[in-house]
Amino acid sequence: MKAYYVESGDIRKNLENLKKRAGDAPIWAVLKGNGYGLGLLPMAQLCRECGITRFCITEPNDAALLRKSGFASEQILMLRPTTDPDEVHMLLDLNAIATVSSQDDAALLNGIALQRGMVAEAHIAIDTGMGRYGFLPSDVDKIIPIYAYMDGIAVSGIYTHLHSAFCSKKATRLQAAAFDGVLQAIKKAGYETGTPHICNSAGLLRFPDLAMGGVRIGSAILGRLSFGGSYGLKRVGVCEAAIDEIRWLPKGHTCGYGAAWKAKRPTRIAIVPVGWYHGFGCEMGHDVFRTRDQLRAALSALAGIFRRKAYCVTLGTQRCKVLGHIGMLHTVIDVTKVKCALGDRVQMNINPLMLKGMDVVFR
Ligand SMILES: *Cc1c(COP(=O)(O)O)cnc(C)c1O
């Protein structure tokens with residue numbers, strides 16, 4: 001037995017908390033990546049129950065699934081531009097809002113909308129430092145023609161994405177200022193910008209004054225930000241798995257591939273049928289190679305040698321150490337000092353974004 005449990009009540013509490021923080025700015029629930037791994041539809045359902053009527057997705061297929069599943073009147077914004085005509089047609093069919101982030105995708109969206117005798121609703125993306133998607137703030141002259149001449153596009157919003165709201169006040173204020181410069185330039189040229197929005201989760205929590213005309217919130221709904229707890233957010237999602245074998249290993253016996261663990265004394269072990277395949281122990285990789293990131297990684301590895309940080313699982317109120325390497329589909333834990341029986345459930349921390357091969361159960 002294994003499943004990933006999500007407390008719906010905690011998600012509701014998080015949404016109420018976030019709504020309060022956002023004040024008058026409406027929440028756009030970001031449900032990319034299959035609702036951050038928990039499921040697009042159940043997450044959308046919970047959001048709707050809490051009064052949220054705006055969703056962000058990144059795939060037209062997700063917009064289609066929402067529409068087909070009864071989300072008929074909610075606003076759906078696709079958070080990436082597209083230069084694929086099929087995707088543009090799909091967005092128009094679904095009455096979803098497109099992102100326009102270059103002259104190319106603006107021209108395509110405009111052309112298809114005109115050809116179909118429609119007006120496409122769009123938000124304009126500005127790249128204030130994220131380095132992906134969006135007009136540069138210095139390219140206002142490329143943005144104005146969308147407002148001025150593209151009759152197939154109705155711009156109802158304009159946004160940028162914060163890259164450092166979790167770590168840098170200075171960088172965030174600079175991004176906000178660059179974005180504001182674009183808004184002022186558009187207004188000066190005589191056009192309504194559409195609703196501006198820049199905050200992601202960290203942005204709303206740490207810079208509530210930047211909530212503007214809306215906030216795009218993803219990870220905070222799950223309470224999965226490193227500092228979410230200090231804002232009263234509940235972290236949701238836990239894997240539960242039943243122990244399916246318990247035995248004693250004699251002193252000197254080893255455990256797992258490479259025999260990385262060896263019993264110093266007779267050890268009672270329990271096996272749970274969850275491994276790295278399911279996402280257990282799969283940390284985010286080290287993908288930046290600036291000198292300072294390498295130094296930080298080296299220091300943390302060094303500290304690890306002395307701290308001997310082992311992976312653990314929870315059994316009732318007790319913590320049990322993982323023995324040896326986590327297997328693809330199995331994990332062995334030390335229960336020498338823990339009262340337990342076959343079928344008892346352990347709790348394991350798995351990031352839902354890494355989750356694979358088990359049901360997600362909302363309770
Ligand atoms: C993912 C994403 C968000 C939400 O980010 P969180 O930090 O999870 O709240 C907001 N805006 C854009 C453009 C995104 O890609």
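In the predicted model, R80 is buried, with a relative accessible area of 15%. The side chain of R80 meets that of E59 in a salt bridge, with an N to O distance of 3.0 Å. R80 lies in the loop between β4 and α5 (85–93), whereas E59 lies in the loop between β3 (54–57) and α4 (60–68), so the contact ties together parts that are 21 residues apart in sequence. E59 is partly exposed, at a relative accessible area of 33%.

The structure has 15 salt bridges. Among them is the pair of D209 and R173, whose closest N and O atoms are 2.8 Å apart. This pair links distant parts of the chain, 36 residues apart: D209 belongs to the loop between α9 (201–206) and β9, and R173 to helix α8 (residues 169–188). D209 counts as exposed, with 53% relative accessibility, while R173 is partly exposed at 35%. A further salt bridge joins R290 to D293, with 2.6 Å between the closest N and O atoms. Here the acidic residue, D293, is buried, with a relative accessible area of 10%, and R290 is partly exposed at 42%.

Three bridges in the parallel sense connect β9 with β2 (residues 27–30); the bridge partner of A29 in β9 is I217.

Four aromatic pairs are present in the structure. One of them, formed by F280 and Y311, is tilted, with 5.9 Å centre to centre and 55 degrees between the planes. Because F280 lies in the loop between β14 (267–272) and α10 (291–307), and Y311 in the loop between α10 and β15 (312–315), the pair ties together parts that are 31 residues apart in sequence. F280 is buried, with a relative accessible area of 3%, whereas Y311 is partly exposed at 35%. Arginine side chains also sit over rings: R48 lies over the face of F71, 4.0 Å from the ring centre, and the charged end of R54 sits over the ring of W28, at 5.8 Å from its centre.

Conventions: Residues numbered from 1 in each chain as written. Predicted model: local features only at pLDDT ≥ 70, side-chain atom pairs only at ≥ 80, totals over all residues. Heavy atoms only, no water. Phe/Tyr/Trp six-rings, centres within 6.5 Å; stacked < 30°, edge-to-face > 60°. Helix = DSSP H or I, 4+ residues; strand = E, 2+ residues; numbered from the N terminus. Buried < 20%, exposed > 50% of the residue type's maximum accessible area, 1.4 Å probe, protein only. Lys NZ or Arg CZ within 6 Å of the ring centre and 35° of its normal. Pairing = 2+ DSSP bridges. Salt bridge = Lys/Arg side-chain N within 4 Å of Asp/Glu carboxyl O.
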